[in-house]
Amino acid sequence: METITEKLKAAETVLRGSGIAEPRREAMSLLMLAIEKDKTFIYARPEYEPSSDEAAAFDSFLKRRSNREPLQYISGTQEFYGLDFEVTPDVLIPRPETEMIVEHAIEILRASGGGSLCDVGTGSGCIPISILHELTFVRGYGLDVSQVALAVARRNAEKHNVGPRLELVKSDIFGALQNQKFDLIVSNPPYIPADDISGLQAEVRDFEPLNALTDSADGLSIIRRIVNESPDFLSNRGHLLLEIGVNQSAKVAAMFDNARWQSATMFADLQGIPRVVSGRLK
């Protein structure tokens, strides 16, 4: 039987050969997942020999990761805004930059005293769940065209004890809504242009849901629909927060009609890229 030290070394070689950027760190993550032990145990017990079930699990995880399947889909989890979220191949993996929407949303709702929000294209539910977890006076809707994604969001909402305050609805943009009005609408829409999909990392291109990445057009069509339609579902002087892609800020800013919108403000991420646009109704 191989020890965990030997398995780690062999796995690191395999992952490096597959083009994984941090093979040692990822091999360690896969090993911890397979033997259900933390890093301290692995360092303290380098001579530990995994059981046959643990070894089989590790080999399976290693094969999946070497095929460039994201670690998050293998583990089934991703941390976002300090919370642990279930993720499956039916939902986009939450990104750190999307936490900007949560931060601005919390700031807006606290300042305005608003108590209702709507998330368009909710996926795992990470955005509204994080907001509702922080602000106990807020209630929300999560809209998504995928019933399977909504099931993931429901499990996440229940896990973080916000289920009673989050209504999840199958909807194409705002299509399933009637006369609801919200203090805040948020969205991380599919904004990657179709022509850019082939150049993405294999982990994203080959495994994440395509309809959560791109509108199959120029990356702006769904953003345009949300900007144009959201005034019908916003309360007086309500806010809209959108995540956008690289080089889209000027075109997105131009979508905010001065007749209806008081302002459209861009916020840059840590790389200086305009990443979130905030609009407010007149």
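## Stop 1: helices H1 and H4

Select H1 and H4 to begin: their axes lie 10 Å apart and the two pack at an angle of about 15°. (Axes are lines fitted to C-alpha atoms, for helices over the stretch in contact, and angles run from 0 to 180 degrees between N-to-C directions. Helices are DSSP runs of H or I with at least four residues, strands are runs of E with at least two, and both are numbered from the N terminus.)

Before going on, a word about what you have loaded: it is a predicted model, where local features need pLDDT of at least 70 and side-chain atom pairs count only at pLDDT 80 or more, while totals for chains, interfaces and linings use all residues. Residues are numbered from 1 along each chain as its sequence is written, and side-chain values use heavy atoms, with hydrogens and water left out.

Back to the pair. H1 and H4 are therefore roughly parallel to each other; the cut-offs are under 35 degrees for roughly parallel, over 145 for roughly antiparallel, 65 to 115 for roughly perpendicular, and oblique for the rest. Their crossing is right-handed, where right-handed means the near helix is turned clockwise from the far one by less than a right angle, and left-handed means anticlockwise.

Now show the side chains where they touch. On the H1 side pick Lys7, Ala11, Val14 and Leu15; on the H4 side they meet Ala55, Phe58, Asp59, Leu62, Arg65 and Ser66. Contact here means heavy atoms within 4.5 Å. Sorted by class, the contact of H1 with H4 has 6 nonpolar, 1 polar and 3 charged residues. (Ala, Val, Leu, Ile, Met, Phe, Trp, Tyr, Cys and Pro count as nonpolar, Asp, Glu, Lys and Arg as charged, and the others, Gly among them, as polar.)

## Stop 2

Zoom in on Asp59 and Lys7: their side chains meet in a salt bridge, 3.6 Å from N to O. Asp59 lies in helix H4 (residues 52-66) and Lys7 in helix H1 (residues 4-17), so this pair ties together parts that are 52 residues apart in sequence. A salt bridge means a side-chain nitrogen of Lys or Arg within 4 Å of a carboxyl oxygen of Asp or Glu. Why can such pairs form? Side chains of opposite charge can pair when their charged atoms come close.

Is Lys7 buried or exposed? Lys7 is buried, at a relative accessible area of 9%, whereas Asp59 is partly exposed at 41%. (Buried is under 20% relative accessible area, exposed is over 50%, and partly exposed is in between, using a 1.4 Å probe and protein chains only.)

## Stop 3

H1 passes H2 in a right-handed crossing. Residues making this contact include Ile4, Leu8 and Glu12 of H1, and Arg24, Glu26 and Met28 of H2. The class tally for H1 with H2 is 10 nonpolar, no polar and 4 charged residues.

Select Arg24 and Glu12 next: they form a salt bridge, with the closest N and O atoms 3.8 Å apart. This pair links distant parts of the chain, Arg24 being in helix H2 (residues 23-35) and Glu12 in helix H1, 12 residues apart. Arg24 is partly exposed, at 38% relative accessible area, while Glu12 counts as buried at 15%.

## Stop 4

Glu26 is buried, with a relative accessible area of 8%. Leaving aside its neighbours within four places in sequence, Glu26 touches Leu15, Ile20, Arg65 and Leu71.

The model's salt bridges number 19.

## Stop 5: finish at H7

Among the buried ones to colour are Cys126, Pro128, Ser130 and Leu132.
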